[in-house]
Structures are given as C-alpha cells and as structure tokens.
Amino acid sequence: MWPHPADRSGLLRGVILVALGTALLTLSAKVNLPLPYVPMTLQTLVVLMIGAAYGWRLGSATIVAYLAEGAIGFPVFAGPTGGLAPLLGPTAGYLYGFVAAAFVTGWLSERGWDRSVPLLFVAMGLGHIIILAAGFAWLAFGIKLGVEKAWLVGIAPFVAASLIKNALGATLMPLLRRPFDRR
C-alpha cells in the first residue's frame with residue numbers, strides 16, 4: 001500500500017490515508033476515561049487497525065505523523081492536549097509504543113495474518129503487548145514510579161479493555177476490508 005514516490009496518484013493516496021489515519025487517531029483520543037497518570041482511550045484499537053489496514057510502512061508513518069502533529073502543538077492527544085508534555089510525561093511510553101505496534105501489526109498483516117480473525121487477534125494482541133510494555137517501562141523507569149506502581153496504574157486497568165479492543169478490531173478489519181479487497 002506504500003505509494004511509490006514517482007507515482008503521483010499513489011503519493012496522493014498515501015497523503016490522504018495518513019490524514020485520515022491521524023484524524024481517526026485524534027478522534028479516538030477524545031473518547032477517553034480519565035485515570036491517574038494515563039487515560040483509557042480508543043487509540044490502541046485505531047493504531048492496530050491502521051497497522052493492519054495500511055501495512056507496516058504507511059501504518060508506522062501515519063503514527064509518526066500523528067505524534068509530530070501533537071509535538072508541534074495540535075490538540076490531538078487525549079483531552080485538549082498538544083505539545084511536548086504528553087510526549088515527555090506519563091503517556092510517553094504508550095505513544096512511542098504506538099509506532100512499534102503499528103509496525104508489527106502491519107508487518108504481520110502483510111504476511112496474511114489479517115486474513116484470519118484468530119491470527120489477526122494474535123497480531124493485535126502482540127501490538128497491545130508492545131504498547132503496554134513501552135508504557136510500563138516508561139512509567140516504571142522513565143518517570144520512576146517503580147515496578148509495582150507502574151503495574152497498578154499502567155497495565156492492570158488496561159488488560160480487559162485490550163482484550164475487548166483486540167476482539168473488536170480482529171472482527172471489524174475483515175468486514176471493513178472486504179469492499180476494498182483485491183487480493
């Protein structure tokens with residue numbers, strides 16, 4: 001799905017898909033449940049669906065574009081937030097984990113894991129593990145909450161929601177892809 005630079009229509013398609021993806025990520029950030037340190041949002045679902053739909057290159061590029069939009073001050077993060085604070089504060093690990101998660105989910109999807117609901121569930125599960133591990137590591141060691149507190153505020157509240165989002169994403173992706181599928 002990555003457009004070749006010489007292909008203008010492919011490049012335009014890529015730009016449109018990145019803009020659509022960052023808009024969906026922004027909307028998904030606004031649907032949030034405020035919790036201490038890190039809010040629960042729909043972002044992980046959207047990140048993993050972008051990875052699965054766009055593939056590893058365009059999916060990762062879309063997440064990087066989203067983070068760049070936030071870094072320059074656009075209010076794309078949870079709440080009316082933009083700027084560097086979310087990229088340096090408690091949510092930083094999760095946000096950077098989004099890039100790796102989109103990469104892995106996209107890479108696996110390009111290898112056919114998106115053609116089976118159970119395999120896509122596993123691919124998205126790996127993406128969630130990456131996001132949660134990055135967030136946990138940052139909370140525990142980056143902002144020095146310690147392992148126990150990082151687990152309690154950064155992992156435990158998100159496990160059930162991650163499983164639900166995996167099931168939703170793995171079920172929705174084949175249905176959303178079907179009208180566009182040419183494979």
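## Close-up views: rings, contacts and loops

Phe77 is buried, with 3% relative accessible area (buried is under 20%, exposed is over 50% and partly exposed is in between, using a 1.4 Å probe and protein chains only). Keep in mind that this is a predicted model, where local features need pLDDT of at least 70 and side-chain atom pairs count only at pLDDT 80 or more, while totals for chains, interfaces and linings use all residues. Residues are numbered from 1 along each chain as its sequence is written, and side-chain values use heavy atoms, with hydrogens and water left out.

**View A. Tyr66 and Phe77 meet edge-to-face.** The structure holds four aromatic pairs (rings of Phe, Tyr and Trp, the last by its six-membered ring, with centres within 6.5 Å; planes under 30 degrees apart are stacked, over 60 edge-to-face and the rest tilted). In this one, the ring centres of Tyr66 and Phe77 sit 5.5 Å apart and the planes are at 90 degrees, so the pair is edge-to-face. Tyr66 belongs to helix 2 (residues 43–71) and Phe77 to the loop between helix 2 and helix 3 (85–88), so the pair ties together parts eleven residues apart in sequence. Helices (H or I, at least four residues) and strands (E, at least two) are DSSP runs, numbered from the N terminus. Tyr66 is buried, with a relative accessible area of 0%.

**View B. Phe136 and Trp151 make another edge-to-face pair.** Their centres are 6.4 Å apart, with 80 degrees between the planes. Phe136 is in helix 5 (residues 117–142) and Trp151 is in helix 6 (residues 147–154), so this pair ties together parts that are 15 residues apart in sequence. Phe136 counts as buried at 18% relative accessibility, whereas Trp151 is partly exposed at 48%.

**View C. Trp56 of helix 2 touches Ala102, Phe103, Gly106, Trp107 and Glu110.** That list leaves aside neighbours within four places in sequence, and contact here means heavy atoms within 4.5 Å. Trp56 and Val104 are 48 residues apart in sequence, yet 6.7 Å apart in space, C-alpha to C-alpha. Look at the side chains too: Trp56 makes a polar contact with Glu110 at 3.2 Å (a pair of N or O atoms within 3.5 Å; within protein, one must be able to donate a hydrogen and the other to accept it, and residues adjacent in sequence count only if both atoms are side-chain atoms). Trp56 is partly exposed, with a relative accessible area of 24%.

**View D. Two salt bridges show up in the structure.** A salt bridge puts a side-chain nitrogen of Lys or Arg within 4 Å of a carboxyl oxygen of Asp or Glu. Glu110, the polar partner of Trp56, also pairs with Arg111, their closest N and O atoms being 3.9 Å apart. Both ends are partly exposed: Glu110 at 35% relative accessibility and Arg111 at 45%. Arg115 bridges to Asp114, with the closest N and O atoms 3.8 Å apart. Here Asp114 is buried at 3% relative accessible area, while Arg115 is partly exposed at 36%.

**View E. Thr44 sits in helix 2.** Thr44 is buried, with a relative accessible area of 11%. Not counting residues up to four places away in sequence, Thr44 touches Phe98, His128, Ile131 and Lys165.

**View F. Phe121, Val122, Leu126, Ile129, Val159 and Leu163 form a nonpolar surface patch.** Helix 5 and helix 7 (159–177) are the elements giving two or more residues to the patch, and helix 5 supplies the largest share, four residues. Patch residues have over 30% relative accessible area and no salt bridge; nonpolar side chains (Val, Leu, Ile, Met, Phe, Trp, Tyr) are joined within 5 Å and like charges within 9 Å. Val159, in helix 7, is partly exposed at 39% relative accessibility.

**View G. Tyr37 and Lys144 have positive phi without being glycine.** For Tyr37, phi is near 75 degrees. Tyr37 lies in the loop between strand 1 (32–33) and strand 2 (40–41), and is partly exposed with 34% relative accessible area. For Lys144, phi is about 60 degrees. Lys144 is in the loop between helix 5 and helix 6, and counts as exposed at 67% relative accessibility.

Conventions
Accessible areas come from the Shrake-Rupley method with a 1.4 Å probe; for residues, only the protein chains shown count as cover.
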